[in-house]
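Here are my notes on the model you sent for comment.

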Amino acid sequence: MARKTNININGKEYYKVTRTIGHKPDGTPIKKQFYGTGINDANQKADKYLNDLRQGLINGDKIITINYLFPEWLFGVKKNEIKASTFEVYYSLYKKYIENLDISNIKINEIKSLKLQASYNDLKTSPNNIKKINKLLHVFFNYAEKEGYIIKNPCENIILPKKEIKIKNVLEKNKHFQFYTEDEIKRLKAVFKNNKYKNVVIFALGTGMRKGEIFGLQWSDIDFKNKEIHVIHNLQYTAQISKNGEKKYSLQNTSPKTNNSIRIIPINDKIYDMLCSLKKEKTKFVFSPNDGHFDLKYFDKVFKKKLNEANIKGKTFHDLRHTFATTLLNNGADLVTLKELLGHSSIKTTEIYLEAFPKSKKEIVNKINYLL
């Protein structure tokens, strides 16, 4: 039997059906044509389109895919819930990895765990990055499930690749743990003696605070009566990202990066005296020119230059924080107290400072000699 068709397009025969897919505000019906190899094929395509439309899988003529819904979710929902720095991380993960996945351009309700697993298996990146991608997609698919776009979150049955442990790298990292020696501290203080950032360096060494926390510190954050610093601000460069991907960076004084980073640090006598001498200046920020704040990038350049003057190699400003931690441990501080002072979210993070004492470890293992 000859195939029934009703339209010829570029020399090929098709069957066309027309369906009403909606109405304009004035009541005028919106029509859409569907083409098939025959009447049954055309009707099947029309029925599937209308069914997807009713389920919310099609928005106008757009098929709901990850690449359609993810940016809408990220800019329309998630941006209101997270910090600008976190938003930048999420956006970067999307543009670098998620946008280019094979599954990101198919209908979102057709994405099953096996397809997602295959996409992860083909990704040319580290296990740690895949873990971050999956964590972000898990949150996204939870949203899609609640909104009815999918029936079940495909991330639920994913097996993530195990992180490859390179023993040599771990040992090297522990061996080269960075903190300043007493001699280096003397040299560092000497080159900063007449510099406007002198107090910043001393303050970092005496509090263990992060750079952004120090430059974001306000006088209202200091309780002089109880000799306490309330760490509730963090000065950092944040990006404002538009939907077309344009980024504009600016310095913003936000809250610290995690809830654990919000903490109270007792002020030691030297730091207290310094703060009392600085309090005479009428500024909002403790370390600032006039009533604004220092530029972090410019400070980084100055600090690097001063390290060269002091002939200190391979160290950074952040290593002053490590020096604070290792000095306290050397003088009897316990890990739990140190964790609270540094604002770590886990004691595991604080334990890295134990690796700074190879001599101590040698002394400890030799204490068993009397049994041998």
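1. How much space lies in the largest pocket? About 720 Å³ lies there, where a pocket is, on a 1 Å grid over the protein atoms alone, an open set of points at which a 1.4 Å probe fits, with protein on both sides within 12 Å along at least five of seven lines, and a volume is the space filled by probe spheres set on the points, which are joined across faces, edges and corners. The pocket is lined by 26 residues, and Glu 182, Ile 185, Leu 205, Thr 323 and Thr 327 are the closest to its centre; a lining residue has an atom within 4 Å of a point.

2. Please keep the basis of these values in mind. This is a predicted model, in which local features need pLDDT of at least 70 and side-chain atom pairs count only at pLDDT 80 or more, whereas totals for chains, interfaces and linings use all residues. Residues are numbered from 1 along each chain as its sequence is written, and side-chain values use heavy atoms, with hydrogens and water left out.

3. The lining of the largest pocket draws at least two residues from each of α7 (182-191), α8 (198-207), α10 (269-278) and α12 (319-330), and α12 gives the most, with 6 residues. Helices (H or I, at least four residues) and strands (E, at least two) are DSSP runs numbered from the N terminus. By type, the lining divides into 12 nonpolar, 8 polar and 6 charged residues, with Ala, Val, Leu, Ile, Met, Phe, Trp, Tyr, Cys and Pro taken as nonpolar, Asp, Glu, Lys and Arg as charged, and the others, Gly among them, as polar.

4. The second largest pocket holds about 510 Å³ of space, and of its 16 lining residues, Lys 83, Ser 85, Thr 86, Lys 257 and Thr 258 lie nearest the centre. Two or more lining residues come from each of α3 (84-96), α9 (211-215) and β8 (234-241). This lining comprises 4 nonpolar, 7 polar and 5 charged residues.

5. Setting aside neighbours within four places in sequence, Phe 287 is in contact (heavy atoms within 4.5 Å) with residues including Phe 203, Ile 214, Met 274 and Phe 294.

6. Two backbone points deserve a look. Lys 227 is not a glycine, yet has a positive phi of about 55°; this residue lies in the loop between β6 (222-223) and β7 (228-231). Asn 311, in the loop between α11 (296-309) and α12, likewise has a positive phi, near 55°.

7. Are Cys 155 and Cys 276 buried or partly exposed? Cys 155 counts as buried because its relative accessibility is 4%, and Cys 276 is partly exposed at 32%, where buried means under 20% relative accessible area, exposed over 50% and partly exposed in between (1.4 Å probe, protein chains only). The structure holds 0 disulfides, a disulfide being a pair of cysteine sulfur atoms within 2.5 Å.
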